[in-house]
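Hello,

Here is the structure we spoke about handing over. Please open it first, then read the notes below.

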Amino acid sequence: MSVALSLSVTVGFSSCTDYLDKEPDSDVSTEAAFQNFKNFQGFVEEIYNCIPHKIGNYWETSFNWGDDEYTNAAGAHLLTRPFDNGNFRAWFGEGGAWGGSYFFHGNDEDYRSQDRMKHHIYPSAFYCIRKANLGLANMNLLTDATQEQKDAIKGQLLFFRAWWHEEMMVYLGGIPYIDTLLNGSERIPRPSFEECALKAAKDFGEAAKYLPDNWDNSSAGSVTFGKNNIRITKATALAYQGKMLLYAASPLSKNGAQIGGSQTYNYNTELAAQAAEALGESIALIESGQTPYQWAEYKYASIKDLTDHVQTSDNNYDDIFYTIDANCKQPGAKEAMMRGTPFSQVNAADWGFACTWGPQLNNLCMAGTINMPTANYVDYAYGMKNGLPLSDPASGWDPTHPFKDRDPRFYHDIIFDGVKYILKDASGTELEPLTYATLYTGGLMRHETQASRTGYFEQKLVPHQANSVDKWLRSSRLACYVPYMRVADVYLMYAEAGSAASGCSNSSYKATSCSLTALDAINKIRQRVGVDAVSGKYLSGTDFMDCVRRERACELAFEGFRFNDLQRWLLLTEAPYNEKRAASFTRVENDEWYTTNDPSEAEVKDYNLDDLILKRNYTAKHYWWPFMDNDVYLYSDFAQNPGW
């Protein structure tokens, strides 16, 4: 592969032509760029700048591609729609006008721009991989720096070389892993996904040896003290090392793409154990207080406080995803472990992203596009407060009271029938009928194109106050960001790795690097939100792995992980995970009842998920995206993914 000319150039491959118009290293001299810590860190900062703001790099965006979301007809230009139809070539725009996946691919890259719409994963990856390799090749020129500063530079470069590969390979499979500067004549065969993932894991592990636990406590970060919140730390590198090892251990990586779902619990136990060690080491650092990361607080006095997102601290759960009236402070709280620069237009979510989660009736949310949760995902992911899934006969779930005693995250993340949607007084206006969510079958907010087709709205990433009455919308008050990794994700991956390392046989696996068992990690997540610990009936066999997967679906709902999870578990093609359904039910209470009572206590009739909106007719080829044809035509050893 020609990587100063192929993977920096051509596997980009066509998108990097502007970069090739001049020598890529000609802007500054090598000596000036690398001679001291300040200049070298400036060289690294450009890589941070390339990290896409995945919810803000277009007016509307698309990153939930599993069974979790359905998009109305106005969102047909987003990637969810062609993916529902099996057209994975749409990620690079082929076969329609979806413009790619926005955060993953674009044709207007500007690596140094502060414009949030000029950064995407695929084209930036090859530029940043080359920068990382160039920096590593010139570490010997860094003479005016302390050893700690040199280590910090090296650790960041190793991390980013791996991270940009990782962000591509989880969708595309094995890609040529570029770990050296190339002269333009190389032809590198595509490795398997496992081979590629192990190389990334090695780089992440090496990076961890050099990175500080907390930049504010290091000489390297002293100059920017208090402003180091997005810089890569040792714990983040270890977490990504564990992620890559877990993905290498996955049923997809071990058994290959296939339909049927029979191999969904068949992990590579040796690699899973290695993943647990790396993830456990990251957790140990977090638990020791040596890192800047902490669990965000989940303190709400009532269900109404949950549905209205009443904030209680400066490290509130909501702050992971958005901030209000905080001078455009970047979201993340103390839980975000991997994110990019906020860019100058971080609050631009007001004008695009934030408009796409609620009813468009009478311009209440204004955008046209509506992203809504599927009802089957809601009922799968959000169990009961007692910790049991709705499907468990002992859970207490009653279809005549389907919203009662649910996992508190249900009330935080989901708008259900009867919730007061508009908090300010809308009486006497055309919006008054939308004050309360009318999401029952035939209700006003069940309009097929302008409201919810599924019977639910989301409000995890954007609260329902982002509407034209409450004014958390189009007022420069709201800043949104979804991190690439956060603390809870590390604990969830650790629990999965532990279960997998035991052959999916029990919940008691504990890595030598960490004091927690797999079960402890899950219960810690539940404890934060007030959900009961995992029941004893789910502690053995594949039952515990199923519990881990449900917990992951709930805690990380709508954050962009579901597609990759179903993919690596070999469930992307399987029912019910290839289905999108709506809830059907009628109200027993009259409309007036909802104005003075808790909607979670409402009685309904005939609640069911019989309404199948669509079924994804996927085959084994859909476990990996196709490469662009121009990429695989480069040379014979660069093969297209099977079936494409």
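**What was found**

The protein exposes about 21700 Å², and carbon and sulfur atoms supply 48% of that area. Please keep in mind that this is a predicted model.

**Overall build**

The protein holds 17 helices and ten strands. Its radius of gyration is 24 Å, close to the 26 Å that the globule rule gives for 644 residues, so the protein is as compact as a globular protein of that length. The C-alpha trace spans about 75 × 55 × 50 Å along the principal axes.

Of the 644 residues, 63% count as buried. Take the contacts between residues at least 6 apart in sequence: 70% of them join residues at least 24 apart.

On charge, there are 58 positive and 81 negative charges.

**The core**

Which residues have the most contacts inside the largest nonpolar core? They are Phe 159, Trp 163, Trp 164, Leu 172, Met 338, Tyr 456 and Trp 625. This core has 203 residues. Helix H5, residues 147-172, gives the most to it, with 14 residues.

Leave out residues up to four places away in sequence, and Phe 159 touches Phe 204, Ala 207, Ile 232, Thr 236, Ala 237, Tyr 240 and Met 338. Met 338 is also among the residues with the most contacts inside the core.

One distance to check on your side: Phe 159 and Gly 205 are 8.5 Å apart in space, C-alpha to C-alpha. In sequence, 46 residues separate the pair.

**Backbone points**

The bond in question runs from Ala 575 to Pro 576, with omega near 5°.

Next, two residues with positive phi:

- Lys 471 has phi near 70°, a positive value in a residue other than glycine. Lys 471 is found in the loop between strand E6 (457-458) and strand E7 (478-480). Its relative accessible area is 44%, so Lys 471 is partly exposed.
- Cys 504 has phi near 55°, again positive and again in a residue other than glycine. Cys 504 sits in the loop between helix H13 (487-501) and helix H14 (518-529). Its relative accessible area is 4%, so Cys 504 is buried.

**The H13-H14 loop**

Thr 517 is also placed in the loop between H13 and H14. Is Thr 517 buried or exposed? At 16% relative accessibility, it falls under the 20% cut-off, so Thr 517 counts as buried. Setting aside neighbours within four places in sequence, Thr 517 is in contact with Tyr 494, Ser 507, Ser 508, Tyr 509 and Lys 510.

**Where to look**

Then go to the cis bond from Ala 575 to Pro 576. Finish with Cys 504 and Thr 517 in the loop between H13 and H14.

Best regards

Key. Residues numbered from 1 in each chain as written. Predicted model: local features only at pLDDT ≥ 70, side-chain atom pairs only at ≥ 80, totals over all residues. Heavy atoms only, no water. Helix = DSSP H or I, 4+ residues; strand = E, 2+ residues; numbered from the N terminus. Rg over C-alpha atoms; globule rule 2.2 N^0.38 Å. Buried < 20%, exposed > 50% of the residue type's maximum accessible area, 1.4 Å probe, protein only. Contact = heavy atoms within 4.5 Å. Areas by Shrake-Rupley, 256 points an atom, 1.4 Å probe, with all protein chains shown as cover. Lys, Arg positive; Asp, Glu negative; His and termini not counted. Charge placed at Lys NZ, Arg CZ, Asp CG, Glu CD. Core = buried A, V, L, I, M, F, W, Y, C linked by side-chain atoms within 4.5 Å.
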